[in-house]
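Subject: Handover of a structure and notes on its features

Dear colleague,

I am handing over the structure below for your records.

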Amino acid sequence: MKPIFLQNASELITLKGLSNAPLVKPVESDLSIIQNGSVLIDNGTILAVGQTTELKEMYPEKTSAADVIDASGSLVTPGFVEPHTHLVFAGSREKEFVMRLKGASYMDIMNAGGGIYATTEQTRLASHQQLYTQSFERLDRLMKQGVTTVEAKSGYGLDLENEKKQLEVARELNQKHALDLVSTFMGAHAVPSFYKQNPDEFIAYLINDVLPVIAKEGLAEFNDVFCENGVFTVEQSRRVLEAGKRLGLSPKIHADELESYGGAELAAELEAVSADHLLCASDKGIDQMAAAGVVAVLLPGTAFFLQKKMANARKMIDRGVPLALSTDCNPGSSPTVSTALMMNFGCLQMGMTPAEVLVAVTINAAHAINRGSLIGSIEVGKKADLLLFSVPTHHHLHYHFGENHVKSVIKNGVVRVKEGMLI
């Protein structure tokens with residue numbers, strides 16, 4: 001693989017020195033910006049970072065022999081990390097969009113057999129190849145938006161056979177697509193109709209019959225649960241997450257999305273890697289998450305699409321919770337692949353600064369999937385996941401809102417998007 005020398009960036013956002021833990025209360029200086037910055041890439045990893053003249057002097061042979069990418073007038077950042085998606089699914093739920101516009105709530109639709117249940121039906125009917133083909137195309141769209149690593153949850157199978165199918169598709173995508181995938185088992189996404197009168201029996205089924213197989217076959221790294229009134233109680237959620245921990249699966253949790261329900265507190269108690277959504281998290285839960293170092297993964301696209309008030313990012317940051325942002329790419333409550341739009345929401349609707357938003361979609365998002373030592377910043381020895389933008393500074397990403405400013409995507413040292421097009 002020929003070296004790549006990316007040079008003359010107007011702003012090179014390195015986020016240097018943040019690999020050990022997610023960043024709390026980020027400020028502009030934490031971005032570690034290099035003016036006229038350059039990156040030397042060799043064998044898929046970052047060999048050197050600095051100013052252009054400096055790297056040419058330090059590595060004259062490699063820089064002269066490398067493929068040169070001129071980043072003059074352009075912003076360069078680490079690749080975006082998506083720490084919360086429901087990538088692998090079949091079917092579409094646009095009819096529910098109209099229902100919501102007429103006043104139906106998320107739980108109204110779900111209790112009427114729509115929502116997660118509708119996608120589960122379609123996903124069960126789809127073959128492995130159909131799911132693979134559809135999900136591959138979604139990954140292409142995410143990559144064009146600047147995403148270089150994606151977390152993918154199951155949860156549209158709700159039984160062993162179909163949960164495995166989703167996770168097996170994700171594993172094949174990780175092997176064959178340019179992007180890296182991290183898999184999360186989410187069998188506790190909803191209570192299937194068969195178990196509706198006895199949800200504890202479904203919990204026992206997940207713990208005794210499903211989780212051990214998922215863990216034994218290495219199909220997931222994380223274990224997630226939808227802890228919400230009308231879905232899974234705090235106690236049921238605790239049982240599922242503790243069972244996963246015993247099997248080596250790190251806990252994540254959908255928490256306090258629709259009402260304050262104790263999900264944030266449970267995340268802190270179990271030292272979850274992340275707690276996600278958190279629109280209605282209590283002050284107590286926020287403080288406990290801060291003390292435990294749990295990353296809050298906020299999903300403004302879901303709140304926007306469901307016409308709800310967005311999570312209080314400003315409060316969480318000020319109280320010391322490390323924050324990440326993600327699209328929640330899914331077929332029902334956030335059918336989008338636009339990380340840029342989530343960043344716009346962060347600044348314009350959630351009270352976040354441009355620096356806080358950049359940290360939230362790069363290094364903190366990487367920590368939300370236990371990848372902070374590998375990705376999320378531009379540092380020597382890390383994967384060469386970089387983005388080149390058609391704007392000169394990071395402030396332009398938010399000032400010119402609703403646009404995809406990604407010009408080029410470098411993934412593992414290979415240019416995968418050029419001039420906005422897949423190559």
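Helices (H or I, at least four residues) and strands (E, at least two) are DSSP runs, numbered from the N terminus. The structure is a predicted model, in which local features need pLDDT of at least 70 and side-chain atom pairs count only at pLDDT 80 or more, while totals for chains, interfaces and linings use all residues. Residues are numbered from 1 along each chain as its sequence is written, and side-chain values use heavy atoms, with hydrogens and water left out.

Two residues with positive phi

Asn370 sits in the loop between α16 (363-367) and β14 (386-389). Although Asn370 is not a glycine, its phi is positive, at about 55°. Its relative accessible area is 42%, so Asn370 is partly exposed; buried means under 20% relative accessible area, exposed over 50%, and partly exposed in between (1.4 Å probe, protein chains only). Asn8, in strand β1 (residues 4-13), is another residue other than glycine with a positive phi, near 65°. Asn8 is partly exposed, because its relative accessible area is 22%.

A first annotated set

In an unreviewed entry, UniProt gives the feature "binding site" at His84, His86, His254 and Asp328. UniProt positions are given in the numbering used here, feature names are shortened, and annotations may be inferred rather than shown by experiment. On a 1 Å grid over the protein atoms alone, a cavity is a set of points where a 1.4 Å probe fits but cannot get out, and lining residues have an atom within 4 Å of a point.

His86 is in the loop between β6 (80-82) and α3 (94-101), and counts as buried because its relative accessibility is 3%. Not counting residues up to four places away in sequence, the contacts of His86 (heavy atoms within 4.5 Å) include His189, His254 and Asp328. Asp328 lies in the loop between β13 (323-325) and α14 (339-348) and is buried, at 2% relative accessibility.

The side chain of His84 is joined by polar contacts to His86, at 3.4 Å, and to Asp328, at 3.0 Å. A polar contact is a pair of N or O atoms within 3.5 Å; within protein, one must be able to donate a hydrogen and the other to accept it, and residues adjacent in sequence count only if both atoms are side-chain atoms.

A second annotated set

The "binding site" annotation of the unreviewed UniProt entry also covers Arg93, Tyr156, His189, Glu257 and Ser333. The lining of the largest cavity includes Arg93, Tyr156, His189, Glu257 and Ser333.

His189 is located in the loop between β8 (180-188) and α8 (199-216) and is buried, at 3% relative accessibility. Beyond four places in sequence, His189 touches residues including His86, Tyr156 and Phe226. Glu257 is found in the loop between β10 (250-255) and α10 (263-269); its relative accessible area is 5%, so Glu257 is buried. Among the residues in contact with Glu257, leaving aside neighbours within four places in sequence, are Phe226, His277 and Thr302.

Yours sincerely

Notes. 1 Å grid on protein atoms, 1.4 Å probe; cavity = no way out; pocket = protein on both sides within 12 Å on 5 of 7 lines; lining within 4 Å.
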